[in-house]
Amino acid sequence: MDLIIAIVLIIVALIAGAAAAGFVFYKKGVIAGVEKRKLEAEGMIGSAENQAERIIVDAKKDAESKKKNALIEAKDEIHKLRSEADKEIKDRRAELSRQERRMQQKEENLDKKTDNLEKKEEILNQKIKSADEKLKEAETIKKGQLDVLERISEFTKDQAKEYIISKLEDDLVHEKAVKVAAYEQQIKDECHEKARSYISLAIAKVAADQVSEAAVSVVPLPNDEMKGRIIGREGRNIRTLETLTGVDLIIDDTPEAITLSCFDQIRREVARIALEKLIADGRIHPTRIEEMVDKARREVEYRIKQEGERAVIETNVHGLNHELIKLIGRLKFRTSYRQNVLDHSIEVAKLSGVLAAELGVDANVARRAGLLHDIGKALTSEIEGSHVQIGVDVCKKYNENPVIIHAVEAHHNDVEPKTVIACIVQAADAISAARPAARSENYESYIKRLQKLEEICNSYEGVEKCFAVQAGREVRIMVVPEVINDEKMVIVARQISQQIEAEMDYPGQIKVNLIRESRVTDYAK
């Protein structure tokens, strides 16, 4: 055991000694390596410094060379620029010299022109002076001649002027009358037969029934007891019906009938349908009345739409806005001088189509314009303004063709018709309104129209008597033969016609007849 410990201790001591010896040898080796590397580094540094000095010397030589080359190039560039500048200055001086020469030439020309103008002005002044002298001489001669003429003619200057003017007026009246008569005869020869043919053809192709409608409707009752039920307790039923429909119910002594009175035909139709439904149902009280009035309104609205569609199909007009179709249907419940406006519009559309076809114009556009020409009458009770303006606004709202809008605007001459379609619609409207029994007017307005017609005729100088005949379609005027001669009759007749067109509203046309009679009476004794 002691031996083992001793051996171990010896081994440990050997290992420690070996380690210490190794460390000493390693330290010496490291120190020697460092010294060697130091020497190598110092050698490399010395070599690098030598190389750096060589590079610096080479760089300086290169820089000097480049500097010399740059100086040479700069001198060349400066020389080149200086040459170009000298050349440009030379060119500009040459241009300035040319401009100076042109200016001098212009100044010389202006001086010459000024001299010429001065000479011409001098000559002109001399001519003006000479003309003034000649004018004074002419005035003197003229005055002398006028004095001689006044002595010879025994007329003063003013009297002679009046005589010449009156003579000239007579000659002009004669010439104007002859030309007007010739022109009217030419127009009549060319247009009368053709117009009669077109109008007669249009009227023959379109036949419409005319039914006069009043402002009242009569509802038959099954018995007189029903009147009491319609009136209701303390009149509540009749009051409810009148309030809901806006129609007056007239219950008089007429047996088994009630009269409905209202200017609005749509409201009157609603009331009539509602009342007939109530009578048929038998249950009459305010709640039931409200239900029936609502049903009647829906029924009338449906009928309005049907009437509009019927009119569109009958006239062969397509592509209308559905709101316009409803407005056309409303015309079924609108009258003008007791003529149903929807029937009138359909008739005008057909007449317009026939006339347009005969004249070679687009018949579809003409029918459309004829159907819509009175569309404003569907809204005259709701919107202020004339039916023409309302119709124009409605057509613009629904984007109608400008040709259609102009025809609607011009069909009563509110504006001057500028298209063939407008003239066709105007003629068709007059044809439809002027047919016998198509329209009626009240007695008072009829008498006023005749009085106005005679008043216009009597306002002209030389008119002795005038008579409105043929229900106002013709006026016969007796003239004083000493005041109005044969030539002047043509002028007076045209003036009267123009004044009637401008100041009066009338259906169709008015024929103006002037009658001049000269009588000489003597007695043999």
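This is a predicted model: local features need pLDDT of at least 70, side-chain atom pairs count only at pLDDT 80 or more; totals for chains, interfaces and linings use all residues.

Visitor: What makes E7 and E8 a pair?

Guide: Two strands pair if there are at least two bridges between them. Strand E7 (residues 474-479) and E8 have 6 bridges, in the parallel sense, so they qualify as a pair. One of the links joins valine 475 to valine 512 in E8.

Visitor: Why are E6 and E8 said to stand at the edges of the sheet?

Guide: The open sheet runs E6-E7-E8, with mixed pairing. Strand E6 (463-469) and strand E8 (511-516) each have a single partner strand, so one side of each lacks a neighbour in the sheet. From one strand to the next, the twist averages 20°.

Visitor: What packs on the sheet?

Guide: Helix H14 (residues 486-503) does, touching E7 and E8, and its direction makes about 150° with that of E8.

Visitor: Why is helix H9 called largely enclosed?

Guide: Buried means under 20% relative accessible area. In H9 (residues 363-372), 8 of the 10 residues are buried, so the rest of the structure largely encloses the helix. Among them are Arg367, Arg368 and Leu371.

Visitor: What caps the N-terminal end of H9?

Guide: Aspartate 362: a side-chain oxygen lies 3.1 Å from the backbone nitrogen of asparagine 364.

How values were computed:
Residues are numbered from 1 along each chain as its sequence is written. Side-chain values use heavy atoms; hydrogens and water are left out. Helices (H or I, at least four residues) and strands (E, at least two) are DSSP runs, numbered from the N terminus. Axes are lines fitted to C-alpha atoms, for helices over the stretch in contact, and angles run from 0 to 180 degrees between N-to-C directions. Contact means heavy atoms within 4.5 Å. Buried means under 20% relative accessible area, exposed over 50%, partly exposed in between (1.4 Å probe, protein chains only). A polar contact is a pair of N or O atoms within 3.5 Å; within protein, one must be able to donate a hydrogen and the other to accept it, and residues adjacent in sequence count only if both atoms are side-chain atoms.
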